[in-house]
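Reader: I'd like to go through some of the labels used for this structure and see what backs each one. Can you take me through them?

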Amino acid sequence: MLKEEIKKALEHPVISKALTNFYEAYVVAREKAYTGLDFEEIRNEIVRVKSYAAEHFDELIKKFTEQATKRGAKVFYTKDPKEVINYVLEVAKAHNVKTIVKSKSMATEEIHLNKHLKEAGLEVDETDLGEWIIQLAGQRPSHMVLPAIHLTRYEVSDIFTKKVNAVEPDIKKMVRFARKNLRDKFLKADLGITGANIAVAETGSIVIFTNEGNARLVLTLPKVHIAVVGIEKLVDKLEDIDPIVKALPRNATAQPITTYVSFITGEREHWDGTKKEVHIILFDNGRSEMAKDPVFKEALQCIRCASCLNVCPVFRLISGLVFGRVYTGGIGTILTAWTEGLKATKDIQNLCIQCGNCVKICPGKINIPDLILEIRRRLAEEEGLPLKVKAIYSVVNNRKLFHTALRMASKLQKPFKQGPFIRHLPLAFAELTQERSLPAIADKPFRDQIKKIKQPEAKEKVAFFAGCLIDFAYPEIGEALVKLLNRAGIKVIFPQEQTCCGAPALYNGVMDVAANNMLQNLKALEQENPDFILSACPTCTLVLKKKGLLALRNQKVSPELIAKAEKMAEKVIDASYFIHKLIKEGRITFSKPLEEEFTYHDPCHLKRSLNIWQEPRESLQKAGLKLKEMFESDICCGMGGSYSLKFPEISVKILERKLKNIQDTGVNLVCTDCPGCIMQIRGGADKKGLAFKVKHSLEVLAERL
């Protein structure tokens, strides 16, 4: 089912183009919107305000209720979505309501309020233009902020014509058409329903952001107003809204402020002179339980700006029609786990490629990829693993068996090997080589080749952690590192007992295998007592330095072993960063500059998790190369480890954009610092017959000594 939805989305004529066009404009406009403001400072304030609220929900609910009631509003708090629906129906019945207008509200979508109101015989109309279009079309939103972005004006014209009245596919005419039809509904409505972006406990106020003014009409014209508000929208004081007001419009649509910011406090006068009845429903639906969870309470810092969707390379291709349910994208997956249950995320959580692009832009500083990893861990724990997956991990978990299998594969691959590539695979494996050539397994792994390298005797020694790809597919990267370090007077040791870093298991939530890999590597590396441990793969570096420790703690490994692992982690350094340091110290120098042009692709984990991106560029420039930056140099290439095997159709679409961006530079050399990215980009270039070379920066530096 998921595969079918992905295929449909990828073949859709509008989805990817619309989201990509929005993204490109959004990035520039957002940066401009934040001119003169300190985004980090704003983020820190949002974290302070929202985390305080999550820790004091009971107190703030009580305070809000007292203040709003004192000002004439009726406040109802419940944990049960069914009670929200019943309350709205009771209010509607008490006031003989026949017609309802609504402004955009994710909270009401979460509980499927419209469906229940219609079943009760009530007429309900969405009044946000995008939401109205989606309602008429009988679809669900493709984006939390831009619900109808996947539809063309011609499709919208057809929807209007079939459901309301004929209108030309002219945007101005369609907007006028919508305004005329919706104004009539506003004037006739008996009840208005809104959500809220913020609820202020100190004053009992709710705050609503809109661009179309429809929310003001919804809460002003009908005689009864109901606001349905999730308790995560609560803040303590009026001053606490300041960072949210600054960040929400800038992060959502790159505006300094939305057209309308409405504050509603208590009962007020209706336009006809009578009192307007105001009901505020505060509802929980798993939020208070989330607040008690030491891992997931962080997600309550979300202000629903959807900026994480805007920058997600996967969401850009398939939208919320595939990646999500009511709440979409990565953050939507996390919210779904609590509002609908963990099992509801079983398919969609796999869609996160773990590039981390969302982390740097989130105003609530939510580490969405890490929270999705926790969902995967809990799912694996609760549901178990398929037999095929168990079999794979049982091999990876046994170093000798794993490495024996790889050595056998190097012999079995010969019928399919063409130079350094495998360009075609038979039967069920054919899809893996359809759009990308795979690297052939090396005849001799690096672990064998290093034994033959004559190295100088030196006081300084570093251990090299190769990782599976360098060891068995790209040993030349390891050779380049040895050459560079030897030139600086440093000896390289290679612990033969090292095995997979554990990333494949860890990123699929299989923590026992990841922890076992970590312990095997700890034992292998600590025996050598090196000064430093270098890795030329950012994912391996990240696992050895940070994420592997999480796996150990999760598996309740003894404090003594964790202490040893922490000590080892302190020694782990990215190889390109280490080489850059040696170049700056003058311990590595280069021959006459060649003045060759290159472009650089930033590996996701290197830049966003390890904060290394300038150093490799500077090293290559010191070696006499000229940098020509590509467009979106730090956007994922689509590899994502096992992601490219699970979702090759998505992986290759991301890759195609990367290849185009490289081609547009006109250079013949692409450098990067991740063997996985090399596998992806080099394989894609080979399949398309592109002429440029793809190399690890260490290889290029070693060639220019």
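**Labels and what backs them**

Author: Let's start with a side-chain pair in this predicted model: the side chains of His-601 and Lys-658 make a polar contact at 3.1 Å.

Reader: What makes the pair of His-601 and Lys-658 a polar contact?

Author: The cut-off for a pair of N or O atoms is 3.5 Å, with one able to donate a hydrogen and the other to accept it. The His-601 to Lys-658 pair, at 3.1 Å, is within that, so the label applies.

Reader: Where is His-601 found, and is His-601 buried or exposed?

Author: His-601 is in the loop between strand S19 (597-600) and helix H28 (604-609). Its relative accessibility is 0%, and buried means under 20%, so His-601 counts as buried.

Reader: Which residues does His-601 touch, leaving out those up to four places away in sequence?

Author: Among them are Met-630, Ile-635, Lys-658, Cys-671 and Cys-677. As for Cys-674, its C-alpha atom is separated from that of His-601 by 9.3 Å, though the two are 73 residues apart along the chain.

Reader: Over to the helices. Why are H25 and H26 called roughly antiparallel?

Author: Helix H25 (residues 538-554) and helix H26 (residues 559-571) pack at about 170 degrees, with axes 9 Å apart. Anything over 145 degrees counts as roughly antiparallel, so that's the label for H25 and H26. On the H25 side, the contact includes Leu-544, Lys-545 and Leu-549; on the H26 side, Ile-562, Ala-565 and Glu-566 are among the residues. Sorted by class, the contact has 7 nonpolar, no polar and 4 charged residues.

Reader: And the sheet: what is the strand order, and why do S16 and S18 count as edges?

Author: It's an open sheet of 4 strands, S16-S15-S17-S18, with parallel pairing. Strand S16 (491-493) and strand S18 (572-574) each have a single partner strand, so one side of each lacks a neighbour in the sheet. Neighbouring strands are turned by 40 degrees against each other on average, direction ignored.

Reader: How do you know that S15 and S16 pair?

Author: Pairing needs at least two bridges, and strand S15 (residues 461-465) has 3 with S16, in the parallel sense, so the two count as paired. In one of them, Val-462 has Val-492 of S16 as its bridge partner.

Reader: How do the helices sit against the sheet?

Author: H25 lies across S15, strand S17 (532-535) and S18, at about 155 degrees to S18. H26 packs on the sheet too, touching S17 and S18, and its direction makes about 30 degrees with that of S18.

Methods: Residues numbered from 1 in each chain as written. Predicted model: local features only at pLDDT ≥ 70, side-chain atom pairs only at ≥ 80, totals over all residues. Heavy atoms only, no water. Axes fitted to C-alpha atoms, helices over the stretch in contact; angles between N-to-C directions. Parallel < 35°, antiparallel > 145°, perpendicular 65-115°, else oblique. Contact = heavy atoms within 4.5 Å. Nonpolar A, V, L, I, M, F, W, Y, C, P; charged D, E, K, R; others polar. Buried < 20%, exposed > 50% of the residue type's maximum accessible area, 1.4 Å probe, protein only.
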